[in-house]
Amino acid sequence: MNLTPELKDQGRRNFLKSLAGAPALLALGTAAAMRGPVKGGPVKAAIIGAGGEGKVLLGQCRKEFINLKAVCDINPKHRAQASESLIKLGYEKPKEYEDWREMLEKEDLEAVLIATPLWTHAEIAVGCLDVGKHVLCEKMMAWDIPSCHRMLAASRKNKRVLEIGYQRYYNPIYQAAYEGIIRKEVLGDIYHVRLAWHRNGSWRRDEEAPAPGFDPSRWGYPDWEHLLNWRMYKKYSGGLMAELGSHQISVCNWFFDSAPEAVYASGGIHQYKDGREVSDHVYVTYEYPQGRTVTFSSIQSNKFDHYYEQIMGTKGTLILLGEKDALLFSEDDGKSTNIEVSKQTSSPVMDASESRKADAAGRTVAGTATQGSDALSAYGLEIAGFCSTIRTSTPLRGGPERAVKSATASILANEAIEKKARLDIQIGTE
C-alpha cells in the first residue's frame, strides 16, 4: 500500500489523538522492560541456528537480560560469524557446537533460542524442554499441527516457558493499536481485515558452501541447495504462509480474541519455475466468528503494496504499515479516504529474516511518540520479555497457545490450496 505523504500524516495524527495517553504509558512500559531482570541476573542461554533469523535475534540480545554462552549451527561459517557478533556486543567468546544435543550435555544453560529451519522446530524444542530448558523458538511453531501440540504439551509437562517468535506482540505500535483502538472499539464493528505481504523477487539465496565437499546429508538435506534454500521445499518449509502469513494471522487472532473457523485458498508456482515446491503466489480467505472475513495475499511478482494489516470497521480504518507505522482514518470525515500513488523509496521485504536489517536501514518514518522506531527493536523486547517471564513469571505476550492457533490456520491454508477445497478449522490447545 502506497499512500501520499499527506494522507500518512493525517492518519498518524488521527492514530495518536485516539490513543488518549496510551503512547506515554507504552513508553513507560518499554523503559521499565529495558532495565533488565534484577533477581537472578541475566538468563544463561544459547542459540541453536545462527543463520539469517538467528543473526537478527543475536543482534537484539542485551547482556542485562541474557548471557549467551554458546552457539550451535551445522554451518561452521554461521557459528564463527555468530561468535564474532557476540564478542562485538560485549559478550565473552561463546563455545561453538555442531550438535545441539552435545551442547545441552556440556553447557550450564537455563534457556535456548531456536532459529533453525521449520521442520526441526518440534524435535529441538521438545528435546530442550524435556531436559529442563526454557525455549524461545522462531515462528512458525512447527511444520505440522501434531508437532505444535507436542511442543505445547512438553512445555506444560516440564513447567518451562515456551515462547514463539511473533514479535508483533511485543511491538509498542501494535500494543498501542490493540489497547487504544481495538479494545476501545474505536473502529466500531469490524467485519473485514485485509492482509498483504507483496514482493518482487525469487526468495532464493545464493551463497557458497562453507567448505569444499560440505555434505549436509547427515542432517537430512541431500545437498547444499536444499539446506541453503530450505524454504523452497515442502519437506522443510510451509512457504509463504508459514514465513509471512502466520505473522499477520496472529495479529487478527489477537485483535479478534478468536481464531478462524474455516479457510479456502488458491495459489501456485506461477513466476519462478526453478525447482521450488512451495507456492510463489497465495490468496487466502479466512472465516472468523461474528461474520468476520480476513483475506491474505502474498505474491512474489510485484512489490507495490509491500506489507500491511488493514482493519476495517463501521466507524474507521486502522492500517499497520510494515511494523513501524500506524494510521487511522475515520468513516465520519464526510468524504472517502482517497489512496493516491506516491513514489516508493524503499525496497520490499525479501525475507523474513535477513531482510529485516535492510528494511530497518532503508526506511524512515516521521518520528512520533510511538512511531519511527527500528522494526528490529520488537525482537529485543521479545527476548527481554521472555527472560523476564523466566525470572519473574510475568505472563508472555504471545505464548504457545496463541502460536498453535496461527500455525493451524496457516498449515490448513496450504492444505486448502492443494485440495482446492474449503476446509473447516478446529483448534484445540487444552
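In what follows, Ala, Val, Leu, Ile, Met, Phe, Trp, Tyr, Cys and Pro count as nonpolar, Asp, Glu, Lys and Arg as charged, and the others, Gly among them, as polar. You're looking at a predicted model, where local features need pLDDT of at least 70, side-chain atom pairs count only at pLDDT 80 or more, and totals for chains, interfaces and linings use all residues. Residues are numbered from 1 along each chain as its sequence is written, and side-chain values use heavy atoms, with hydrogens and water left out.

**Confidence**

- The protein chain has an average pLDDT (the predictor's confidence in each residue, from 0 to 100) of 89, and 85% of the residues score at least 70.
- Residues 336-342 stay under 50, and the model gives them 14 contacts (heavy atoms within 4.5 Å) beyond four places in sequence.
- Residues 345-373 are also below 50 in pLDDT, with 79 contacts beyond near neighbours in sequence.

**The parallel sheet**

- Six strands make an open sheet with parallel pairing, in the order 3-2-1-4-5-6; strands (E, at least two residues) and helices (H or I, at least four) are DSSP runs numbered from the N terminus, and two strands pair if DSSP finds at least two bridges between them.
- At the edges sit strand 3 (95-97) and strand 6 (162-165), each pairing on one side only.
- From one strand to the next, the twist averages 25 degrees; axes are lines fitted to C-alpha atoms, for helices over the stretch in contact, and angles run from 0 to 180 degrees between N-to-C directions.
- Helix 12 (residues 377-392) packs on this sheet, touching strands 1, 2, 4, 5 and 6, and its direction makes about 160 degrees with that of strand 5.
- Strand 1 (residues 43-48) runs parallel to strand 2 (residues 66-72), and six bridges join them; I48 has C72 as its bridge partner in strand 2.

- Eight strands build an open sheet with mixed pairing, ordered 13-12-11-7-10-9-8-14.
- Its edge strands are strand 13 (325-330) and strand 14 (423-424).
- Strand 8 (residues 262-268) pairs with strand 9 (residues 281-288) in the antiparallel sense over seven bridges, and G267 stands opposite V282 in strand 9.
- Helix 1 (residues 5-19) lies across strand 12 (316-321) and strand 13, running at about 85 degrees to strand 13.

**The largest pocket**

- About 740 Å³ of space lies in the largest pocket; on a 1 Å grid over the protein atoms alone, a pocket is an open set of points where a 1.4 Å probe fits, with protein on both sides within 12 Å along at least five of seven lines.
- That volume is the space filled by probe spheres set on the points, with grid points joined across faces, edges and corners.
- Of the 39 lining residues, I74, T116, P117, Y221 and L227 are the closest to the centre; a lining residue has an atom within 4 Å of a point.
- Helix 3 (52-59), helix 5 (100-106), helix 6 (121-130) and helix 9 (224-228) each give two or more residues to the lining.
- By class, the lining has 16 nonpolar, eight polar and 15 charged residues.

- Most residues other than glycine have a negative phi, and most peptide bonds are trans.
- The K139 to M140 peptide bond is cis, with omega near -20 degrees, and M140 lies in the loop between strand 5 and helix 7 (145-158).
- K159, in the loop between helix 7 and strand 6, has a positive phi near 55 degrees.
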